[in-house]
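Dear colleague,

I am handing over a structure to you with this email, and below it you will find what turned up when I went through it. Please keep the view open while you read.

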Amino acid sequence: MPSPYVRRRRLAVEIRKLRESRGLTTDGLARLVFHSRTKITRLENAQIRPDLIEIMNLLDALEVSGSEYDRICQLAREAGQKGWWDRYGVSMGPRQKLYADLEYSAATVRAYNQTAMPAVLQAPTFISALVDLDKCQGKLDYVPERMAEARMRRQRELLRPDGPSYEIVLDECVVRRLAVPPLAMINQLRHMVDVVSAVERISVRVLLHDSRIPGGFLAKSSFYLYTFSEPGDSPLAVVDTVTTDLVVTQRNEVAQYNRMYDRVRDAALPRDDSIAFLERVAKHLTDQTGSET
């Protein structure tokens with residue numbers, strides 16, 4: 001199944017092009033098809049799942065026919081599909097739903113993370129510790145048990161035989177500064193090492209504190225890069241901020257994030273050295289705490 005989110009973005013572009021080619025404003029199109037201006041705006045910004053019948057009526061009103069009609073209807077069908085993540089409703093959190101959607105049909109996922117362990121490689125005890133941290137910041141916008149269940153489902157989807165190639169550059173500060181109990185961090189590091197060691201297409205590279213990153217300024221935030229095998233599904237970047245995730249689709253802007261990723265990747269430890277580093281940190285924490293995990 002192609003990514004419904006990516007298809008919604010493609011459909012949004014098509015609707016905007018059609019509207020502008022007819023010289024219509026969003027208000028004008030809304031009046032033509034008896035919808036609100038808000039609904040048209042949300043369709044053109046890929047903020048809602050399209051209704052196929054409504055899209056067909058819109059195409060009829062704009063006198064679209066032939067192969068163009070068929071192509072846009074197919075986009076609308078795919079944009080309206082539901083994935084496994086939709087069964088969780090809002091209980092898994094809106095940000096995780098976006099990542100689950102993109103991961104499901106991605107060919108490659110690459111990321112640089114300054115603040116968190118990769119969600120698809122998290123151990124259950126570590127997820128519980130993160131929920132406790134999140135509660136310190138205010139009311140949760142998800143159901144912890146359902147969020148954890150969905151996160152483990154994401155991991156299973158990543159590990160499926162046709163799953164995407166996945167590589168993350170992990171800043172050392174995540175390992176050193178995240179205030180989870182030592183046992184939770186030990187379990188997380190060992191879990192991540194086990195998964196990465198077992199699956200060649202999954203890789204973690206650690207960016208050490210004292211690593212210099214030549215070629216420009218430092219990254220201002222964590223970000224994810226996605227490519228897709230389906231023709232017409234362009235690469236995109238998702239930028240992590242405190243309150244939301246920004247989806248970047250402009251070709252030149254995505255290229256900037258690709259260049260930044262290449263720079264931090266080159267500065268990070270190689271895959272095998274990163275695994276060895278994570279094992280050493282886990283052993284050191286174990287020795288410090290006297291844990292028998």
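**Cavities and the sheet**

In this model, which is predicted, the count comes to 2 cavities of 30 Å³ or more.

The largest cavity has a volume of about 60 Å³, and its lining is made up of Trp 84, Ala 100, Glu 103, Tyr 104, Arg 154, Glu 157, Leu 158, Arg 160 and Pro 164. Two helices, α6 (94-105) and α8 (144-159), each supply at least two residues of that lining, and by class the lining residues divide into 5 nonpolar, no polar and 4 charged.

The second largest cavity holds about 40 Å³ of space and is lined by Arg 8, Leu 11, Ala 12, Leu 43, Ala 46, Ile 48, Pro 50 and Ala 79. Helix α1 (residues 4-21) gives the most to this lining, with 3 residues, while the classes come to 7 nonpolar, no polar and 1 charged.

Turning to the strands, you will find an open sheet of 6 strands in the order β3-β2-β1-β4-β5-β6, with mixed pairing. Because β3 (202-207) and β6 (245-248) stand at the edges with a single partner strand each, one side of each is left without a neighbour in the sheet. Neighbouring strands of the sheet are turned by 15° against each other on average, with direction ignored.

Within the sheet, β1 (residues 106-113) pairs with β2 (residues 165-171) in the parallel sense over 6 bridges, and Val 109 stands opposite Tyr 166 in β2. Helix α10 (residues 182-198) lies across β2 and β3, and runs at about 130° to β3.

With best wishes

Terms used. Residues numbered from 1 in each chain as written. Predicted model: local features only at pLDDT ≥ 70, side-chain atom pairs only at ≥ 80, totals over all residues. Heavy atoms only, no water. Pairing = 2+ DSSP bridges. Helix = DSSP H or I, 4+ residues; strand = E, 2+ residues; numbered from the N terminus. Axes fitted to C-alpha atoms, helices over the stretch in contact; angles between N-to-C directions. Contact = heavy atoms within 4.5 Å. 1 Å grid on protein atoms, 1.4 Å probe; cavity = no way out; pocket = protein on both sides within 12 Å on 5 of 7 lines; lining within 4 Å. Points joined across faces, edges and corners; volume = space filled by probe spheres on them. Nonpolar A, V, L, I, M, F, W, Y, C, P; charged D, E, K, R; others polar.
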